[in-house]
Number of protein chains: 4
Amino acid sequence: MRSSKESLVEKEKSREDLGFGTKATSEQARLVNPDGQFNVRKLNQSFEAKSNIYHRLIRMHWLKFGILIILFYLFVNLIFGAIYYAIGVEKLHGISQEDGLSDFWEAFFFSSQTLTTVGYGKISPAGYLTSSVAAAEAMFGLIIFSIMTGLLYGRFSRPNPKLMFSSSAIISPYLDINGLMFRIANEKHNQLMNVKVNFIFSRNETNEQGTVRRYYSLDTERSTVLFLPTAWTVVHPITKESILYGETAESLKKCDGEFIVSIEAINDTMTDPVHVRKSYLYSELNWGAKFKTMLKPVNSEYVLDLSKINEVDDMELNVY
Amino acid sequence: MRSSKESLVEKEKSREDLGFGTKATSEQARLVNPDGQFNVRKLNQSFEAKSNIYHRLIRMHWLKFGILIILFYLFVNLIFGAIYYAIGVEKLHGISQEDGLSDFWEAFFFSSQTLTTVGYGKISPAGYLTSSVAAAEAMFGLIIFSIMTGLLYGRFSRPNPKLMFSSSAIISPYLDINGLMFRIANEKHNQLMNVKVNFIFSRNETNEQGTVRRYYSLDTERSTVLFLPTAWTVVHPITKESILYGETAESLKKCDGEFIVSIEAINDTMTDPVHVRKSYLYSELNWGAKFKTMLKPVNSEYVLDLSKINEVDDMELNVY
Amino acid sequence: MRSSKESLVEKEKSREDLGFGTKATSEQARLVNPDGQFNVRKLNQSFEAKSNIYHRLIRMHWLKFGILIILFYLFVNLIFGAIYYAIGVEKLHGISQEDGLSDFWEAFFFSSQTLTTVGYGKISPAGYLTSSVAAAEAMFGLIIFSIMTGLLYGRFSRPNPKLMFSSSAIISPYLDINGLMFRIANEKHNQLMNVKVNFIFSRNETNEQGTVRRYYSLDTERSTVLFLPTAWTVVHPITKESILYGETAESLKKCDGEFIVSIEAINDTMTDPVHVRKSYLYSELNWGAKFKTMLKPVNSEYVLDLSKINEVDDMELNVY
Amino acid sequence: MRSSKESLVEKEKSREDLGFGTKATSEQARLVNPDGQFNVRKLNQSFEAKSNIYHRLIRMHWLKFGILIILFYLFVNLIFGAIYYAIGVEKLHGISQEDGLSDFWEAFFFSSQTLTTVGYGKISPAGYLTSSVAAAEAMFGLIIFSIMTGLLYGRFSRPNPKLMFSSSAIISPYLDINGLMFRIANEKHNQLMNVKVNFIFSRNETNEQGTVRRYYSLDTERSTVLFLPTAWTVVHPITKESILYGETAESLKKCDGEFIVSIEAINDTMTDPVHVRKSYLYSELNWGAKFKTMLKPVNSEYVLDLSKINEVDDMELNVY
């Protein structure tokens, strides 16, 4: 009535796993968000892991990053300005000593001149305490700008591929059968090389133990291309052996089907690896369509029109 | 009475080797420490290899690193301050020349203003010797802060995975047999990709030539997962073919059994490789347990509770 | 009259694809330019992808990069100088206040002293507004030079292989058949390791559906060499099984034949990967030639004469 | 009388190639120098490839690098000092204007204060020309120190493995046959992972066309170890199938035999790849010896004595 130990083990080994276990999903909880991030929130991370300052500062939007730097600069100068003010402005040579507020601002500007090491010298520190604070601030300033250098280099040199995906996957006639297709193109001038695709289908399945989530690797016409100079239409041929054979828009909705794409490649500017993820939910499938061509030769060069990546013609599917 | 040459060679070739040779171990000397470092001390390293300054400064705890920088800054300024003082404070324009101690501190602060290149100019060098020392110190300062920039970038950009391991490995019922399992999860927000596991079992074996240490690769249900968005329970199915079949807590203690785990993956923030090691001694095995789930869907997302990584339920093992 | 579904899929799968699709080319539009760049122009890129500032600044010629820096430095000082001038030169302590033009230039030089943080202090800011602008400029200057540090490091550390290719590929007698050969050498002192070659032939083919572009992988005598200390002649043996068997200079011209070479290797200075592309058009083939040797032992070392990379002797081809 | 085309091609394909072609060597010209560098000099490199400034500055000895920096600093200040002096010291405010030599040195020190951006302000530029030169020098200084930062980071972060090789390879009894062995150990504290060895034997062979150099891959007991925590003795078992079977010290000398070792591994501090080469000439073989153990357990840890890497005991070889 049941198979032998070894065959159960073998069956389990042959299963695909995306790291989500076999808990069934509901329509609301897709595995991978449209931006390629996994739809997972972590509880009880350590403070260090949660804050992860470097990671955040590297990935933050440029505008946010710029504002943060300015605020930090103001904050540090306010703190040090207040310290100099608290010690006494008479310990700052060259300060005008008019009234409290104006003295504070002169201390603030002295702080900025120390932090950036511009040190005009119009105002200079006197006394052990103020001199010590100024010596500490100048070193602190240099460390801050050392860190800034690292952060800016990290931000610039971080692999930042601009890989465009067609917003929908399409079911399209392919040779004398049909195929599941999506299209990618590199928006940037750099070349992507050794481009490798992983295409995974995930659905709920109901068996005697209840509903579980299963994962299937979809084989593609090509799993690797040497270069991606133009656009690449990735095709899973829906042969009779395909797990998708016989599926319909309704059946995929019912099993909460999701298609997860993972692309690996090498960026040839710095020859660093890039990895991009994308997910198509059953509702992001276009049944019966064909991609329009994006590439045409113009005079002595090829022209790739990126704006056409989502353009399709309606097509009748093959029946087989 | 003995096998042919070739077969002895083939047999030797098929053996696993972790790089510790075949010396038998004692209970006190585990191969890999709980923190993943190999339990090896090296004698007679060259000075350069032993000191390995960059390696240490990169891996040092942040607090220790910060204190070191401050002490170094004080030390350098004391040295240069002493040099200026020895040359004569009359060669420092603008110094008050009150008494010896106060003069020394003014030389010290002048040094700090030169090293950081803040150079207020309230005090400035005069004479060839003092001017030369100041010129050297300013250059030295810039080089120091160049090195600091590199060190800080190295520290920040160093792969620093926060991979959590369950503190014990468990022997757990698995399908209709039993399995040796441990669990890993990525504590950080970044994604780990192409996660690959190597699972090695090491034990003392006694044959006619005496007691030797042998190493066996344990095959796992999956040796690679494409992503690690949640937690991954690595399973070695204890089939009848497994080297662990029939072993007990007592037999593993007797042969000084140790399980060594090596994880390789790609971190997707900078797409750099990460490698993590972990070792479970026979005494860190939990016989007859099952991991509680860490993941549950909440509304439209998955929630992974990292604090549950060590939580198990007691379970009766399968007999076969 | 036609093959089964599966076999059509299999046939399609076995085809090489370089990412240009199957559009036939014309003689004017080669796929890969002589410098190894793909002959593709992209339309409708996003502004960010199109500008791609970091990528451009990293790849720009050193001379252009230097001029850009100087212009930027002048521009920033003109802007800040104008701001100080607009606020009023009486807010710059120590300025001579002679006439308008001379005042402007003093403001300009004050700006340069602030931006570089040299801050002599002969001129120093007074008043809230001028002090604030100076505080902002000093910080801006440090950020600019932080970015500069990253750019310069990026430029220096960017893989910049100097791989020489013979300017023509040759058809040469090879053993008792003929071979298609080209030659590569590393012009630099560093070593290239694990050198791997991909050799692709592309041509127009006319079938019942019209003229399409097809791609064929050409197998080579060796696809990998462990090192490239001298020169490597890559050979595609034109056996009777080769797609090139029976082709002539005329037939290759007629089908617009192009040979695309892609080299991967590891540079051992920083152990970073390098990738180089090269294309030989049918018109860059030399029929009936043999490369002269570039290497000869001189005393106790080998001498490689790079200037001989294109030198050939005429040779009669084998007939078979 | 001769084989078919295809089999000649196949035979050629199966040959190992180290990139030196088939020119026979003489005893004086070993392929790989004892330090692992190939024994090749390149003629007619382009100036850019030949100078290769970044590569040299990165690999240069620390002492040489330090002296170069100091000389460069002196040189730049002499040049700029001379420019200021030529323009006229009256354009340097605060200069004492005593005599020519002392004025020149004050200009020199002013230059150093500008280049390092310390800018005390005791001396400050006046007039358009001097102010412009100072503005240019301050920017130049920042660029120099930006480049310095990159160089220092490049020097520190460059993979710099300290892999020790036994100075001789030994022919040693191995099981019931003999083996060719050498030994490697990592002198540093960091771990090497995925250590892979390539072992190549090269010799002159005389056939009907004359004497040619041939290369043979030697298979090893293990070609990869997961870690290198201690020492690894790499063994080529000299089975009857081995190319070395029957060779003697005399026969290897006659054919100018050379053994080339290439090691690849991953360094776990920065998880960067390392590659190391080593060559053993026939004269660096020790016939009939056995490596003494370097590793012994002491209390609860393993102790590896690196000074023993070359220690051997004499051993009689097996006859078979």
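**View 1. A salt bridge joins chain C to chain D.** The side chains of Arg41(D) and Glu301(C) come together here in a salt bridge, with 2.5 Å from N to O. Please keep in mind, as you look through these views, that the model is predicted. Side chains of opposite charge can pair when their charged atoms come close. Between chain C and chain D the count is two salt bridges.

**View 2. The side of chain C that touches chain D draws on helices and strands.** The helices that each supply at least two residues to this side are α4 (62-87), α5 (100-115) and α6 (128-157) of chain C, and the strands that do so are β6 (177-186), β7 (192-207), β9 (224-227), β10 (231-238) and β16 (301-305). Which element gives the largest share? That is α6(C), with seven residues. Sorted by class, this side of chain C holds 31 nonpolar, 23 polar and 13 charged residues. Taken as a whole, 67 residues of chain C are in contact with 77 residues of chain D. The two chains bury about 6400 Å² between them, and 60% of that lies on carbon and sulfur atoms.

**View 3. Strands from chain C and chain D pair up.** Here β16(C) runs beside strand β1 (residues 40-43) of chain D, and the two pair in the parallel sense over four bridges. Look for Leu304(C), which stands opposite Lys42(D) in β1(D).

**View 4. Chain A meets chain C through a salt bridge of its own.** In this view the side chains of Arg41(C) and Glu301(A) form a salt bridge, at 2.5 Å from N to O. How many salt bridges are there between chain A and chain C? The count is three. Polar contacts between chain A and chain C come to 19 residue pairs, with both residues at pLDDT 80 or more.

**View 5. The side of chain A that touches chain C.** Two or more residues each come from the helices α4 (62-87), α5 (100-115) and α6 (128-157) of chain A, and from its strands β6 (177-186), β7 (192-207), β9 (224-227), β10 (231-238) and β16 (301-305). Of these elements, α6(A) gives the most, with seven residues. The classes on this side of chain A are 31 nonpolar, 23 polar and 13 charged residues. In total, 67 residues of chain A are in contact with 77 residues of chain C. Chain A and chain C bury about 6400 Å² between them, with carbon and sulfur atoms giving 60% of the area.

**View 6. Strands from chain A and chain C pair up.** You can follow β16(A) alongside strand β1 (residues 40-43) of chain C, where the two pair in the parallel sense over four bridges. Which residue of β1(C) is the bridge partner of Leu304(A)? The partner is Lys42(C).

**View 7. A salt bridge within chain A.** Arg213(A) and Asp256(A) bring their side chains together in a salt bridge, at 3.7 Å from N to O. This pair links distant parts of the chain, 43 residues apart: Arg213(A) sits in strand β8 (residues 210-217), while Asp256(A) lies in the loop between α7 (249-254) and β11 (258-267) of chain A. Over all chains, the structure holds 35 salt bridges.

**View 8. Two loop residues with positive phi.** Most residues other than glycine have a negative phi. Asn44(A) is not a glycine, yet its phi is positive, near 60°. You will find Asn44(A) in the loop between β1 (40-43) and α2 (47-51) of chain A. Leu175(C) is not a glycine either, and its phi is positive too, at about 50°. Leu175(C) has its place in the loop between β5 (169-174) and β6 of chain C.

**View 9. Stepping back to chain A as a whole.** Chain A has seven helices and 17 strands. Its C-alpha trace spans about 90 × 65 × 30 Å along the principal axes. The radius of gyration of chain A is 30 Å, whereas a compact globule of 320 residues would have one near 20 Å.

Key:
Residues numbered from 1 in each chain as written. Chains lettered and ligands numbered in written order. Predicted model: local features only at pLDDT ≥ 70, side-chain atom pairs only at ≥ 80, totals over all residues. Heavy atoms only, no water. Contact = heavy atoms within 4.5 Å. Buried area = accessible area lost by both parts, 1.4 Å probe. Salt bridge = Lys/Arg side-chain N within 4 Å of Asp/Glu carboxyl O. Nonpolar A, V, L, I, M, F, W, Y, C, P; charged D, E, K, R; others polar. Pairing = 2+ DSSP bridges. Rg over C-alpha atoms; globule rule 2.2 N^0.38 Å. Polar contact = N/O pair within 3.5 Å; in protein donor to acceptor, adjacent residues only side chain to side chain.
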